[in-house]
Amino acid sequence: MALYLDTPLQFVKGVGPRLSEILGKKGLRQVGDLMEFYPRTYEDRRAARSISSLQPGDVVSLTAKVLKVSSYNLGRSRRKIYDVLIADDAGRIHCKYFRVPYKGYFERFSHGTEVRVIGKVILYRGKLEFHHPDIHEVRKDEVVEDELLPIYPETEGLSSTKLRKIISKAMVDLKSNSSIDLQAMDPLPQRIRDREKLPNRFEALKFIHQPPKEAGRSFIEGKSDYHRRIIFEEFFWLELFLAAKRMGLKRDKAPAMKKLLEKVDKLKASLPFELTGAQKNCFAEILEDISKPHPMHRMVQGDVGSGKTLVALMSCLVAIENGYQAAVMVPTEILAEQHFKNSNELFKSMGIRIELLTGSMKASEKNKILEELVRGDIDLIVGTHSLIQDQVEFKNLALVVIDEQHRFGVEQRHKLKQKGISPHLLLMTATPIPRTLAMTVYGDLDVSIINERPKGRQPILTRVTYESRRPKVFDFVEKQLAKGRQAYVVYPLVEESEKIELKNAMEEHRILCERFTDYRVGLLHGKMKAHEKDEVMGQFRAGDFDILVSTTVIEVGVDVPNANIMVIEHAERFGLSQLHQLRGRVGRGSHRSYCVLVLGKAVSKESAERCRIMEQSEDGFKISEADLEIRGPGEFMGARQSGLPGFKMANLVRDFDILKQARKVAFEILQSDPQLKRPENRAIREELLKTQGNKALAFIG
Ligand code: ADP
Ligand code: MG
């Protein structure tokens with residue numbers, strides 16, 4: 001039977017109902033899906049691999065002779081490591097096994113036995129070795145495939161070999177189907193392919209699944225033109241969609257605003273400091289945006305303590321002076337409370353009505369506020385998630401500020417936005433976003449960057465240390481307290497977990513109370529009620545506590561300038577961006593500030609190294625790039641709210657250059673033809689609607 005890209009897989013030779021069910025579970029339903037099921041890596045079976053040519057990361061198969069089999073215990077434990085040393089003409093390498101299939105297994109390999117070893121080359125303590133390679137005696141009748149074999153992700157009942165067979169079968173059948181022209185049938189238009197020097201899609205797929213014999217290292221690492229072709233396309237449709245979204249939003253109607261600055265000027269005059277240059281620029285960008293007839297979609301990225309709140313509140317003032325309402329949504333009650341107080345302070349005697357809306361308020365209080373919001377009696381509302389509930393309605397909401405936006409899901413952001421007729425949207429984040437993510441997940445937004453800290457701020461001295469040195473750390477803390485400063489001590493968890501022995505904030509609170517008898521030690525943790533947290537936080541801010549023991553609930557936005565020491569226990573448990581956020585709680589006043597990262601007992605060398613990045617940099621952008629590289633996009637973003645597009649081959653960290661290029665091309669096309677109406681763009685339009693569905697239609701019309 002002739003195959004097409006949309007032929008269901010059960011019609012491929014060798015795929016029965018059972019196999020097609022297994023494939024279906026992997027999301028593979030049609031021949032086209034199978035073509036896009038890419039090898040995880042390649043196994044290099046080309047004959048001439050000698051031990052001396054091996055590189056870390058290579059997956060190879062080679063023949064060699066056994067020199068020696070030995071075993072020894074791992075440290076003081078009873079676990080044994082088996083070590084088979086093999087050699088060929090030019091080199092030798094150790095094959096290590098931490099598990100043994102059965103007793104006497106390795107005794108089979110005596111000195112001089114010729115073996116075939118298949119596995120991944122690992123760099124361990126400066127030396128190359130194999131860990132758990134497949135090893136067997138070379139049989140006389142063994143047929144050695146002299147090629148580069150694609151290795152597919154396996155599942156139960158579906159081996160890589162089987163997949164390889166099905167895929168090559170399908171590929172042959174596709175090619176022999178004379179009624180489809182695989183060369184012509186490429187979703188990427190010829191003109192883009194030519195300009196970007198990208199091979200045809202089918203050609204790329206063919207080589208990826210059936211690598212050419214002469215393929216080099218870059219091919220194996222996924223860096224060939226064939227790979228680039230596939231990756232480019234994955235990015236291209238996404239970027240085209242983001243470009244369409246951006247242009248589309250620019251066509252919506254936004255509340256009309258003039259650049260009324262009376263209130264802003266009044267506010268500025270009342271401040272004890274000058275705005276930083278970066279704050280001024282950012283506000284100017286916002287002002288430009290909101291005086292246009294289309295809604296602003298801007299994200300302000302600024303490191304912790306760079307003064308984003310002020311810029312947001314100034315923007316609110318402009319909306320209010322224009323006779324509209326503004327809303328500020330924040331992720332925690334503590335922060336809502338803080339912004340509420342802050343804005344009351346800043347806006348006093350301006351005749352502005354500000355209210356707070358949080359989940360822990362009494363129903364009667366809430367209802368009163370809801371009524372006043374609809375009537376338009378409230379000018380500025382500050383709140384938590386409560387703001388996005390259905391009962392919340394506004395009279396004329398014109399500006400929505402979402403602070404610490406990374407704490408909110410895409411859905412939640414969207415919901416608040418719906419409360420006005422396309423209000424202007426200002427997102428604030430203190431987690432600087434690596435450029436790759438800024439171009440994908442947030443690719444439809446305009447970005448302002450506040451990269452200047454207010455004058456007079458001193459650098460934060462950061463040190464990584466170990467648990468055994470904790471007494472010294474606390475002596476140091478005590479010296480600072482004696483000077484009148486305050487300290488944070490942060491723990492990763494509230495409740496003791498039986499499995500992982502982590503410090504329990506409550507237990508530590510008790511210990512610290514004993515250690516610091518002359519000082520007052522407060523406790524803040526996630527299991528407390530919102531009003532309890534607020535109370536403790538308020539007391540710390542007022543100086544009623546000298547030390548605040550806390551879990552990560554303080555992570556976001558809290559501002560206590562007199563606090564100048566941050567001790568973070570089990571620092572290895574946190575992501576770098578999170579450590580950076582926590583550290584940003586200090587260094588807010590004029591005092592020299594310190595951050596001590598205390599590592600737990602059984603910390604790996606890698607974790608320790610990772611934490612040391614914090615010693616070297618205070619630049620949130622650098623730290624977030626490093627964090628992304630180490631943890632990968634999924635974990636970096638947090639699964640819940642990631643909004644991360646799923647790529648089949650592209651890797652956001654590795655393929656940044658391709659991403660940039662795909663974005664450039666996509667935006668150029670959309671800029672010159674926002675609705676993709678021109679004949680030469682018709683195919684692109686169709687493919688966009690196919691890959692992104694009706695979402696895209698809403699923007700290109
Ligand atoms: P973040 O960007 O982390 O939200 P905040 O807006 O909380 O930072 O600002 C941190 C502190 O810096 C606040 O106490 C604020 O009043 C102060 N601040 C803001 N702008 C300036 C400035 N230009 N000069 C001095 N201090 C400033
Ligand atoms: Mg803030």
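How are helix 5 and helix 7 oriented to each other? I took this up as the opening entry, keeping in mind that the model is predicted.

**Entry: helix 5 and helix 7**

I looked up the axes of helix 5, residues 201-209, and helix 7, residues 225-249, and found them 8 Å apart at an angle of about 120 degrees. Angles of 65 to 115 degrees count as roughly perpendicular and those over 145 as roughly antiparallel. Helix 5 and helix 7 are therefore oblique to each other. I noted the handedness of the crossing of helix 5 and helix 7 as left-handed.

I then listed the residues in contact. Helix 5 contributes Arg-201, Glu-203, Ala-204, Leu-205, Phe-207 and Ile-208. Across from these, helix 7 contributes Tyr-226, His-227, Arg-229, Ile-230 and Glu-233. I sorted the residues of this contact between helix 5 and helix 7 into 6 nonpolar, 1 polar and 4 charged.

**Entry: helix 7 and helix 22**

I stayed with helix 7 and turned to helix 22, residues 682-692. The axes of helix 7 and helix 22 are 10 Å apart, and the packing angle is about 95 degrees. That makes helix 7 roughly perpendicular to helix 22.

From helix 7, I found Trp-237, Leu-238, Leu-240 and Phe-241 in the contact. They meet Ile-684, Glu-687, Leu-688, Thr-691 and Gln-692 of helix 22. The contact of helix 7 with helix 22 divides into 6 nonpolar, 2 polar and 1 charged residues.

**Entry: domains**

I looked up the domain assignment of the protein chain, which gives domain 1 as 43-151, domain 2 as 277-450 and domain 3 as 460-617. For domain 2 and domain 3, I have the C-alpha centres 29 Å apart. Their contact takes 16 residues from domain 2 and 17 residues from domain 3. About 1,400 Å² is buried between domain 2 and domain 3, and carbon and sulfur atoms give 55% of that area.

**Entry: helix 18 and helix 19**

I ended with helix 18, residues 576-583, and helix 19, residues 605-616. Their axes come within 10 Å and cross at roughly 40 degrees. Helix 18 and helix 19 are therefore oblique to each other. I recorded the crossing of helix 18 and helix 19 as right-handed.

On the helix 18 side, the contact is made by Leu-576, Leu-579, His-580 and Arg-583. On the helix 19 side, I listed Arg-610, Cys-611, Ile-613 and Met-614. The residues of the contact of helix 18 with helix 19 come to 5 nonpolar, 1 polar and 2 charged.

Definitions and conventions: Residues numbered from 1 in each chain as written. Chains lettered and ligands numbered in written order. Predicted model: local features only at pLDDT ≥ 70, side-chain atom pairs only at ≥ 80, totals over all residues. Heavy atoms only, no water. Axes fitted to C-alpha atoms, helices over the stretch in contact; angles between N-to-C directions. Helix = DSSP H or I, 4+ residues; strand = E, 2+ residues; numbered from the N terminus. Parallel < 35°, antiparallel > 145°, perpendicular 65-115°, else oblique. Left-handed = near helix turned anticlockwise from the far one by under 90°. Contact = heavy atoms within 4.5 Å. Nonpolar A, V, L, I, M, F, W, Y, C, P; charged D, E, K, R; others polar. Domains from an automatic or database assignment. Buried area = accessible area lost by both parts, 1.4 Å probe.
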